[in-house]
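Hi,

Here is the structure I promised to pass on. Have a look first, then read my notes below.

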Amino acid sequence: MTWDLELTKRLQHGASRFELQVSLRSAARRLVLFGPSGAGKSQTLKMIAGLVRPDGGRVRIGTRTLFDADSGVNLSPQSRRLAFVFQDYALFPHLTVRQNIAFALSGGWRNPRPRVHDARVERWLETFQLPAVADHFPAQISGGQRQRTALARALVTEPTALLLDEPFAALDGHLRQRLREELAQVLATLNVPMLLITHDDADAQVLADEVVHLRAGRVVDAPQAREPALA
Amino acid sequence: MTLPLRCLATLVLACGFSLGALAAELTVSAASSLTNAMREVAPLFEAANPGTRLQLNFASSGALLQQIDKGAPVDVFASADQETMNQAQAKGLVKAEARRDFVANALVVIVPTAATRTPAAVGDLAQPAYQRVAIGLPASVPVGRYTQGVLEQAGLWAAVEPKMIGAQNVRQALDYVARGEVDAGFVYATDAALMPGKVKVALTVATPTPILYPVASLASSPNAAMAARFVDFLTSPQAQAVFANYGFRKP
Amino acid sequence: MGQAWTALALTLEVAGWATALNLVLGVGVGFAMARLRFPGRELLDAALTLPMVMPPTVLGFYLLVLLGSQGPLGAWLDQLFGVRLIFTVQAAVIAATVVAFPLVFKAARAAFETVDPQLEEAARLLGVHEVSIFFRVSLPLAWRGILAGLLLSFARATGEFGATLMVAGSIAGKTQTLSIAVYEAVQAGQDDTANFLVAVTSVTCIAVLLAAGRLVPGRVPQRR
């Protein structure tokens, strides 16, 4: 079983309170969590990543237990070895593209130098066609390049799973399609399970091996009629 | 506002203004050591001269002189030593005729009550046991000048000066001793008498020149007559009795 | 005018130490206040800001009562280490540090609050540990705001008078800083000395501000 999730959490979304209860087991390599905004997708992803602590339950990916309320296991985000791509990428504005990608490779108190040279960094720069902008800062590059930088940064650590939070939400239609296909290609060469959350139908169609629907904090079992893609 | 209320308000305001017109305000700058005594003398003068209000201003004599020199509106100046008054006279701030001595004082060495060591003579202060001695800044504080005079005459200034903790005025020196921050201090006998629980007098020190306090009305005072009256009052039996209570001697 | 140069050296020494101490204290506390949430946080913030609004003499009095040989902390220090803080340059440093602390603390807190917490989350997920995150992500991004606070702190420490006079006294060569020297020169009618000291102080402050302006780190380049 690739994904084994049992998550409960009491949440407040705007004025309404609801209880998130996600129960999910899947062997899919590419899982898409699909639902409208406010369904609890982001919270679910954050709980898997360890950024938010669930009230109860467990998180298991592959053979690793990341969280288990009963046995008191709760790995810190640092130890979960997951790749996480935020919706607005969360690139470090004071570091160049190269330094961003190399960030996880230095464990000390100092950031990688601007002229850092590491085979792994160079490989990912190549994979995502970034060498031309390697010495630029995030503010100086395009949205698509930022998204790829965020991906490269997350993947350089050789993670055990890849989590993506609405990765194309900040991009316009045409670019979105291109990057979606690019991501599909990259994933084909990687041997890493992926969980992507989105409210865009097209993402599910292109990237998913399996789609799970989330609505008001709960996984909806019965197959739903396809939701029109929300802008 | 209703009519009766308006009438009342006008009446009150009128009274206030007229009282203001009658009252004379006298600003008196006096040396720090005179603080307590002056505060008791002032109401006596006010009672004897209805409509007059005294504004008292205390600091080291040197600081007061600078204020006056720079134009502070002072009517009467009482200093703790002749030197400061001489400077005032030299600058034309007071006239020789207006000046007179009104009290005398003594210089003492005090230590904190809890002190284990008490100097038997001024020379003892040169010993290593005494590391910090509170002395008024000689440049602006009379008690510091008296102290320097005494120590120089005894040939002790070179030994004691490195231990000196400078005080901005005599009351600060007193405070340093009272808090136990220094091992000994030079103040007036009248100051020491104010804190019997916190300081004890180790010895009385004879000064080369007697400690005589002069008082004078200022040449520039707009209330010359009232100022002169206050100066006279300070030598009256009534005022002198108050000074004697605090340990001041007759001039 | 040797007195003036001694006073200047002492003033810079005291202000330098106070600013260095506040760099550590102010940044540490500012970061904690920006990131931690707990009941009574704003009350604590107000208490820590108090030295900025309190009259320096009042502050000096509290320090005197605390650190004096009869005070709780002072008596303890004297008993255990034979240390008497009053009338020492260390007391002057303490007074300057306390008085200028809120300037660094508030600037640091505000600066850290502008740093997107998501960046710190991203760093965590990349496997970097908390202390490293502080030095590699939070601090570099907050640095300019903190530097502004440090400059103000240095200027405030340079001019500190009331609290310093209370706990450090005025001992030429040891605790007589420029502001105190000016005060005494005026009291003693030594206007020439006072003028000279004021000139030295003014030139020093301007020089510090100009030098600090050069040190502000380069901006992250914007999209052209």
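Two residues count as in contact if their C-beta atoms, placed from the backbone, lie within 7 Å.

Before going on, a word on the source: this is a predicted model, where local features need pLDDT of at least 70 and side-chain atom pairs count only at pLDDT 80 or more, while totals for chains, interfaces and linings use all residues. Residues are numbered from 1 along each chain as its sequence is written, and chains are lettered from A and ligands numbered from 1 in the order in which they are written.

Back to chain B, which has ten helices and ten strands; these are DSSP runs (H or I, at least four residues, for helices; E, at least two, for strands), numbered from the N terminus. Its C-alpha trace spans about 80 × 40 × 35 Å along the principal axes.

Now, how do the chains meet? Two pairs of chains touch, and chains A and C make the most contacts. There, 22 residues of chain A meet 20 residues of chain C. Chain A's side of that contact has 14 nonpolar, seven polar and one charged residues. Here Ala, Val, Leu, Ile, Met, Phe, Trp, Tyr, Cys and Pro are nonpolar, Asp, Glu, Lys and Arg are charged, and the others, Gly among them, are polar.

Chain C also touches chain B, with 13 residues from chain C and 14 from chain B. Chains A and B don't touch, and their nearest C-alpha atoms are 46 Å apart.

Cheers
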